[in-house]
Amino acid sequence: MSHEMLVREIGSSGVQASAIGLGTWAIGGWMWGGTDEMKSIAAIQSSIDEGISLIDTAPAYGQGVAEEIVGKAIKGRRDKVILATKCGLVWHTARGNHFFDYDGRPVHRYLGPESIRYEIEQSLKRLGTDHIDHYITHWQDQTTPIAETMDALETLKVEGKIRSIGASNVSTGDLEAYVAAGGLDAIQEEYSMVKRDIEATLLPIAAQHDVSTLSYSSLALGLLSGKIGPDRTFEGDDQRKDNPRFSRMNREKVARFMKEIAGVAEEQRATPAQIVIAWTIQQPVITFALCGARNPQQATENARAGRIRMSKTEIHTISEAATRHLTDLDA
Ligand SMILES: NC(=O)c1ccc[n+]([C@@H]2O[C@H](COP(=O)([O-])OP(=O)(O)OC[C@H]3O[C@@H](n4cnc5c(N)ncnc54)[C@H](OP(=O)(O)O)[C@@H]3O)[C@@H](O)[C@H]2O)c1
């Protein structure tokens with residue numbers, strides 16, 4: 001694990017960031033059974049200390065909570081961070097389409113230009129900064145043409161408020177429309193050893209147009225951390241409580257997979273989570289892997305995976321074991 005932290009460019013923006021990014025959805029608490037601010041700040045700062053520059057957040061993560069915690073954690077360290085945040089899940093207007101309720105209040109998918117302008121100012125305030133390095137449409141809005149949304153984002157870029165543009169949770173049609181409108185640097189999509197469908201849909205299109213891919217839930221919401229034993233339970237609003245992905249049978253499949261890759265892990269002096277993350281960023285089409293972490297131990301462990309370089313043979317061994325043990329876990 002003696003290599004340098006792997007660093008890559010976001011699309012053709014000129015913005016360089018660590019190939020592993022710290023995700024802050026759980027740090028926002030919502031859908032993760034709450035958050036601990038002190039531990040979260042320590043997790044973010046440990047990531048930066050370990051060479052992680054990419055930090056991904058969103059207004060929707062606890063309706064401002066995650067962004068505020070990130071803002072506190074990066075005070076005095078802004079220059080070390082490539083900050084990614086999002087727009088398009090809104091609760092200040094009822095435009096667009098209703099998506100879900102948060103504490104009984106409606107949240108809409110909306111990417112109208114005036115709303116993006118409102119949202120970025122809120123994010124900049126919460127994050128305590130004057131620019132966002134990577135600004136992403138969080139979910140897609142069927143009521144606003146993508147060209148109009150892109151126009152608003154390009155204007156923010158000209159003004160220096162954002163440095164690169166991303167889109168998340170896109171269909172192939174959305175991706176093509178973003179590319180046609182020009183200036184898309186990256187997509188952000190769910191991808192891990194247990195969920196690989198974008199390999200056949202979005203990834204070939206992204207590769208063809210030099211659009212980077214950020215994988216999210218790269219540890220399958222923690223299932224692939226190597227630490228979800230048979231007795232682990234989930235509390236409060238933690239989304240994993242009723243998620244069939246976390247069934248006893250799936251936990252056993254993951255345990256069998258981990259046993260099989262133990263040889264590679266030992267060779268690399270790495271933990272199972274680190275092997276999973278290193279495998280992800282060594283997939284040809286994945287540029288960045290976002291991994292959540294709630295405390296300094298998790299943050300440090302995940303960050304160090306960015307220093308692993310596996311051989312083709314090792315990657316092949318892992319891919320083969322993943323195909324055998326981890327296919328159809330969500331079926
Ligand atoms: N664009 C989108 O729509 C979207 C959607 C989802 C996620 N994302 C982004 O992608 C990021 C990563 O995805 P994710 O947070 O959903 O899932 P993830 O990275 O697969 O899992 C994160 C969770 O796994 C556990 N974990 C992580 N590292 C661990 C370690 N080393 N040891 C033990 N447990 C560990 C932690 O939970 P416990 O400690 O509670 O087990 C952590 O909160 C998000 O934070 C967010 O920034 C974006």
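**Close-up A. The largest nonpolar core of the predicted model**. This core has 98 residues. Those with the most contacts inside the core are Ile20, Leu223, Ile275, Ile277 and Ala289. Helix 9, which spans residues 272-281, gives the most to this core, contributing seven residues.

**Close-up B. Surroundings of alanine 289.** Ala289 is among the residues with the most contacts inside the largest nonpolar core. When neighbours within four places in sequence are left aside, alanine 289 is in contact with Ala19, Ile20, Ser215, Ser218, Ile277, Thr280 and Ile281. Of these partners, Ile20 and Ile277 are also listed among the residues with the most contacts inside the core.

**Close-up C. Packing of helix 1 against helix 2**. The crossing of helix 1 past helix 2 is right-handed. On the helix 1 side the contact is made by Glu37, Ser40, Ile41, Ile44 and Gln45, and on the helix 2 side by Ile69, Val70, Lys72 and Ala73. Sorted by class, the residues of this contact are five nonpolar, two polar and two charged.

**Close-up D. Glutamine 63, a residue other than glycine with positive phi**. The phi angle of glutamine 63 is near 45°. Glutamine 63 sits in the loop that runs between strand 4 (54-56) and helix 2. Glutamine 63 counts as partly exposed because it has 17 C-beta neighbours inside 10 Å, and a buried residue needs 20 or more.

**Close-up E. Serine 217, with positive phi in a buried position**. Serine 217 is not a glycine, yet its phi is positive, at about 50°. The loop that holds serine 217 lies between strand 12 (212-216) and helix 7 (248-260). Serine 217 is buried because 22 other C-beta atoms lie within 10 Å, where 20 or more are required.

**Close-up F. Glutamine 140 and its partners from elsewhere in the chain**. Glutamine 140 belongs to the loop between strand 9 (134-137) and helix 4 (146-158). With 22 other C-beta atoms within 10 Å, glutamine 140 is buried. Leaving aside neighbours within four places in sequence, glutamine 140 is in contact with Arg109, Asn169, Val170 and Asp174. Asparagine 97 is 43 residues away from glutamine 140 along the chain, and the C-alpha atoms of these two residues are separated by 9.8 Å.

Notes. Residues numbered from 1 in each chain as written. Predicted model: local features only at pLDDT ≥ 70, side-chain atom pairs only at ≥ 80, totals over all residues. Axes fitted to C-alpha atoms, helices over the stretch in contact; angles between N-to-C directions. Helix = DSSP H or I, 4+ residues; strand = E, 2+ residues; numbered from the N terminus. Left-handed = near helix turned anticlockwise from the far one by under 90°. Contact = placed C-beta atoms within 7 Å. Nonpolar A, V, L, I, M, F, W, Y, C, P; charged D, E, K, R; others polar. Core = buried A, V, L, I, M, F, W, Y, C linked by C-beta atoms within 7 Å. Buried ≥ 20, exposed ≤ 12 C-beta atoms within 10 Å, placed from the backbone.
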